[in-house]
Structures are given as C-alpha cells and as structure tokens.
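Dear colleague,

I am handing over the structure below, and the notes that follow it set out what was found. Please read them with the structure open beside you.

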Amino acid sequence: MGRTLFDKIWDAHRVATRADGRDLIYMDRHVLHELHAPHAFECLERAGRPVRRPDLTFSVQDHTVATRPGRTDTTNPDGSEFLRAMREGSRRHGIRLFDIDDPEQGICHVVAPELGMVLPGATHAVPDSHACSVGGLGALGYGCGTSELEHVLATQVMALKRPKRMRIRLEGRLAPQVTAKDVALRIIAELGVAGGRGFAVEYAGAVVRNMPIEGRLTLCNLTIEMGARTGLVAPDETTFEWLAGRPWAPQGAEWDAALARWRTLNSDDDAQFDTDLEIDCASLEPQVTWGTDPSQVIGISGRVPDPGRADASRRAGMERALAYMGLEPGVPLAGLPIDRAFIGSCTNNRLSDLEAAAAVVRGRRVAPGVKAMVIPGSQTVKRQAEARGLHQVFQAAGFFWGEPGCSMCAGSNGDRGEPGERCISTTNRNFEHRQGTRVRTHLASPATVAAAAVAGRIVDVRQLVGGTA
Amino acid sequence: MQPFTSVTGIAVPLIQDDINTDQIAPVQMARALKPDYADLLFKRTRTRPDGSPDPDFPLNKPQFRNPAILVTGRNFGCGSSREAAVWGMLAVGIRAIVARSFADIYRENCLQNGLLPVELAPEVAADFERRVIAADGSAPFTIDLLEQRIRGPGGPDIAFRIGEADRMRLLEGLDDIGLTLKHADEIAAWEQRVAREAPWMQTARDRRRASGETA
C-alpha cells in the first residue's frame, strides 16, 4: 500500500521506538525564541546536560522586541530580561543568535524559510504553536512547550506518537482578492478549532498547486488553529524555484542531489488517509472573523450568525463571543467601524502580503481616527519592501512602519490596542484580550485589512480595487 | 518529575469548551522570566475590570480555594504552546484535569509535568460534571491512576482510559530526556548515516560566509 508524504518524512526521521511506544523523530533544525528558550537553558544546565547539536539550533529574538525604529533592549522594558537571557544562553551553548540588531532578524517562522534553513522533507521544531508554518515548503514543523524544547536541545529528537493523517483537497480557482488566509479561515470554519486534533494534515488540490510559496506558508501556519499540530504541502517546482539560491540552502552538486530526493516527496496515488476531505474554493469570498476563535468566521457579504439557530453545544460559546465582540446576530460585518488595523505576524507579513496591502493603500489615506500599523516579518522582508518603495506607500497613507517582530499578534512586546477598540488584523488568533484588554479582534487577509484601514470600516476589498488582483 | 498515583481533593467545575492558553496563563499580564504562576492562573478571568476578584469565577469561591482537580469541556488548552498554562495548575495544587478532550500540545505539556489529563466520553463526562457541580466542593473526589477510576460523591465509580505508555510514565515519574538518552547510540548512528546520504541535512550553514561573500 502506498504511503502518505507525512509517513515518508516521519519514517525517514524515525531513529528508534522508545520503550513507551513513542517514536523518536529526529529534528533537522531547531529554532528557538526568547520567550521560552531561557527557561529551557536553565533546566538543561541544572541537569548538567549539554546541547547536543548547537550547529543545527538557531535563536531568534522576536516575541518581546519593540517595533519602534531605533529600538534597544529597553524600548520594551518588559522584554529586556528575556532578550538578555536569550543572548547569554545562546552564547553559553554556542548557538547562532539572530539578535535585535541582526540584519536578518525577524519572526522565527519567517526567518527560517526565507534564509533556506528549512528544506523540503526536513523536520523542524520550534517552541511555538505556529511551527507548522514551514509545512508550506514541504517540511514537517512541530510546535512544542518548554519541556519538549529542553528535550530537543538535549537529544535532537522529539518523542512523538504517530498522528492520524488527514488530507484536505482544495479545489477550484480562487477569485481575485481571495487569498491563502481566506482559504485557511474557511477550512477552520468547516472543521472547527478542534477538528484537526490528533492529525497531521496534508493540503492538496488545484488551489494549493497554484498557490505561491508565501501563500502556502500562510495556509500551513493556521493549521494549529484547527487543532492539528502539523500540516504540509507536497513540494513541487514552485517550491524548488523559491528555495534555489537562498543563503542557507544547499548549492551546486549538493543542490542537485537534494533536488533529486525532494522530487520523490509526495503522497503515493494509493496512499490512505484517515480523513480525506474536499473543499470547493471557487465561490469563496474574502473572510472576516466575527467571534473570539478563528472558526467563527464568515464571508464579507455574510451576516453574523444567530446562536439561537446554532447547534446547542456551540450556543453558549457563540453568545459569549458576541457579547465580547459587541455584535448582534444578523448584522453584516461590512460597514462595521474599526479603530485599528494591524498588518503583521508570522501568518501574513511576508513581502507578497505587504505588496497586496500596499496595492489597496496606494493613493489612499488611512481613515481619520484609525490607528494603522505595518510590521514586516523580518529585516529581509523590510529591506525588500523598502527597495520597492512600499514603506513610502504605507507611511504616506498614515500607517506606522515598524521594525520586525511578533508585535500585536502575541501582545508580548508592548504593542497593543486600547480597551474596547475594534481591530482588524492579519494575525492568527482573535482570542479575548489577545491584542490588549477588551480589544475586539477581527482576523482577515492583508488586502481586506488594508481596505478597512482606508475605509474606516470593514469593507469588501473588491469594492475598492474593482475585483482585480 | 513527581510520580503520580492518585489524587484526592476538591474538584472545581469550569464547564466551558475551547478554553485557550491565553485564558489559562495570560502571560501578557506578568511579563517576567519567572512570574508567579499561581497568581497568573486565569488571572484575567478571575479579576473584574477594577482589579477585585470576581466572586462568580469558580476558583475564587471559598469552597474551591484549594482545588486538586479541574473539570472542564472540549479542546482544553488550545492556542499557544506556553507551558505556563500547566505550571499554573500545579502551582495552585491542581494535579489532574478531567476534560471532554485536550488540545494536543497542552496534553503533552501535562504529561511532561506530571499533571494527569483524563479524557471522558461525552455521556460519561456529562454525568461526572453534574456530580462535581452538585458536590460543590463539599466532598472530595479521588482519581486513581493505578486503577484508572474516579471515585466520589453522587454516583458509582467512573472508569477512564489513558494510553498505557502515558500511564506508566506518570506512575513512575520518568525523566523523559533520560528515557530518550537510552537511545543515544541510535541517534548518533542516524546522524552518521544521514551525513553520508544527505549531508545538507546534517549541516546548517550560511553559504555566503562559506564562499567568502559578505552577507
């Protein structure tokens, strides 16, 4: 019987099976951030254990870094302790650190792919739930907590139970201004926030094959929001073209040898999935969340659902969400005034995201009273965007253009909204208080967020740009 | 890790689905390398906007001041992978969580710290939730991992199942890293083989530096 892509990568990385039945899966790359790594360094040192492979481990400062130009360790006073502990711990263990002044610093899930550190068929551990982002390159990303992070530091493997396999075939052709973000939100709406629990997900179908790599990274990034720990897309010529020449990717004869292997990375025709779904994306419109988890989402022309008509098990949650969001059942989201717009996070702050937003913003201004900011995913993205003049487009319109980091997605760096504000955001979690106390978050794509920023209200971006991509 | 055999104590009901780790451990409210994890637990939910404790939140009620068991709904612990959401439970004395289901990373974080995650099927869970609410902290429940049973007021014993490997790990309080390091030779052999067959996987380097170019 054929094997799935997931099984091929898993089997190739299975070092042994432990006495308790868990598979030891080798982690080709391990990327750390300052929120969790310092604690793990300390535990490791207390146990007298060395880092097994510092040469395969990388540290990135992203969660607590300030985004203000000219930032230092103390610009966000709450972050300075983390930044210092990360710097010192990385030095003690000989781990390459992308510090706040590094020309390639950025969000860990943005930096590792763009530098070519993460490769198709590779495994990738990060102590952050959005580790699954790298699935966009055909890699297997595993997010983890602090104990598992310490485990990987000490052993370079993770002790995992083999998950079930799910395939989601995304068929049809996306309409203009409908993006990977909209597809991902639609999937979460269909499956629910726990629908992927216990599964590894493979995204397939025409939509994925036509999707550029940055879109695939966005799609896979949101896998954890339906409860699946990892999700991936089979690598193809689009992937190889995107990776070729990246500074940490193999070159020359090694590249050729790697490419020959990567071309075998797909699910066999007769591979069996425990769950196999198809979602038709042809009629999909831009999506915007109305509630307090990413599954509570509707198309831009839709209306906020009525808990009274929902499944009894969902009703209480929906009512709570509506109360927090200050919304009534039956109202359209289009037209809802906003206070704040945020374009950033590992979900949506790569170059193509910023280009999509800039295309909407160009020649327009942020609506009076709206606070709008753009935080590029990395210094590399920032440089590329500035070389194209995107920063001027945003700044001329009244957006703040900041230094790379997690910013208003994780709420760990001091960037946050004021109580009661309504914020439209390209991030991944619309949880209560995530972007500040009592801040009401609506998740959407970069183009839709940009459109709302200039309109001052949630709006169908296609009305602003005439439905052309 | 502290071994787990059984826990007897007050069970606190927090019957809600999809409680995420932002709610359990709102780390934004205590931005420090080593915050007070007990103070942080459900801090935002426990506290009213004026900073006073919300008397309606179960963990603030006098009968639940010393909880040992948390009882909750589906998909508990979804969201961020932060382990503070487990450390906070242990810091207030909670040694077991009974839920309809757990988010994958949260469940793993529980096992890593000797916090017992018990999953009950919906109909069994509904009955147990009713008993916990009825007991209202007046009598203790016991969760016995050896026998995989829950005992307590209001009804017969409830059997539960947890994977045998996870059960042994909790019962013996095994050091997870130590368990893996028994395979150190196999890890080394794997590395050597891959270094021969696919050397780019076992070397991570900036090729610009290797070739003398500047970044």
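Three strands of chain A form an open sheet in the order β1-β2-β8, with antiparallel pairing (helices, H or I of at least four residues, and strands, E of at least two, are DSSP runs numbered from the N terminus, and two strands pair if DSSP finds at least two bridges between them). β1 (14-17) and β8 (157-160) of chain A stand at the edges with a single partner strand each, so one side of each is left without a neighbour in the sheet. Direction ignored, neighbouring strands of this sheet are turned by 25° against each other on average (axes are lines fitted to C-alpha atoms, for helices over the stretch in contact, and angles run from 0 to 180 degrees between N-to-C directions). Between β1(A) and strand β2 (residues 23-26) of chain A, the antiparallel pairing runs over three bridges, and A:Thr17 has A:Asp23 in β2(A) as its bridge partner. Helix α9(B) packs on this sheet, touching β1, β2 and β8 of chain A, and its direction makes about 160° with that of β1(A); contact here means that the C-beta atoms of two residues, placed from the backbone, lie within 7 Å.

The model is a predicted one, in which local features need pLDDT of at least 70 and side-chain atom pairs count only at pLDDT 80 or more, whereas totals for chains, interfaces and linings use all residues. Residues are numbered from 1 along each chain as its sequence is written, while chains are lettered from A and ligands numbered from 1 in the order in which they are written.

**The interface**

On the interface as a whole, 47 residues of chain B are in contact with 59 residues of chain A. The helices of chain B that each supply at least two residues of the side touching chain A include α5 (104-112), α7 (164-172) and α9 (184-197). By class, that side of chain B has 19 nonpolar, twelve polar and 16 charged residues (Ala, Val, Leu, Ile, Met, Phe, Trp, Tyr, Cys and Pro count as nonpolar, Asp, Glu, Lys and Arg as charged, and the others, Gly among them, as polar).

**The four-stranded sheet**

A further open sheet of chain A has four strands in the order β11-β10-β9-β12, and here the pairing is parallel. β11 (230-233) and β12 (275-280) of chain A are the edge strands, each with a single partner strand, so one side of each is left without a neighbour in the sheet. From one strand to the next the twist averages 20°. Strand β10 (residues 199-204) of chain A runs parallel to β11(A) and is joined to it by four bridges, with A:Ala200 opposite A:Thr230 in β11(A). Helix α1 (residues 5-13) of chain A packs on the sheet, where it touches β9 (164-171), β10 and β11 of chain A, and its direction makes about 125° with that of β10(A).

**Helix α12 of chain A and its two partners**

Eight of the eleven residues of α12(A) are buried, so this helix is largely enclosed by the rest of the structure (a residue is buried if 20 or more other C-beta atoms lie within 10 Å of its own, exposed if 12 or fewer, and partly exposed in between, with C-beta atoms placed from the backbone). Among the buried residues are A:Leu351, A:Asp353 and A:Leu354.

Helix α12 (residues 351-361) and helix α15 (residues 446-455), both of chain A, pack at an angle of about 30° with their axes 8 Å apart. That makes α12(A) roughly parallel to α15(A) (angles under 35 degrees count as roughly parallel, over 145 as roughly antiparallel, 65 to 115 as roughly perpendicular and the rest as oblique). The crossing of α12(A) past α15(A) is right-handed (a crossing is left-handed if the near helix is turned anticlockwise from the far one by less than a right angle, and right-handed if clockwise). Residues making this contact include A:Ala356 and A:Val360 of α12(A) and A:Ala450 and A:Val454 of α15(A), and by class it has ten nonpolar, no polar and one charged residues.

With helix α14 (residues 390-397) of chain A, α12(A) packs at an angle of about 45°, the axes being 10 Å apart. That makes α12(A) oblique to α14(A), and the crossing of these two helices is left-handed.

With best regards
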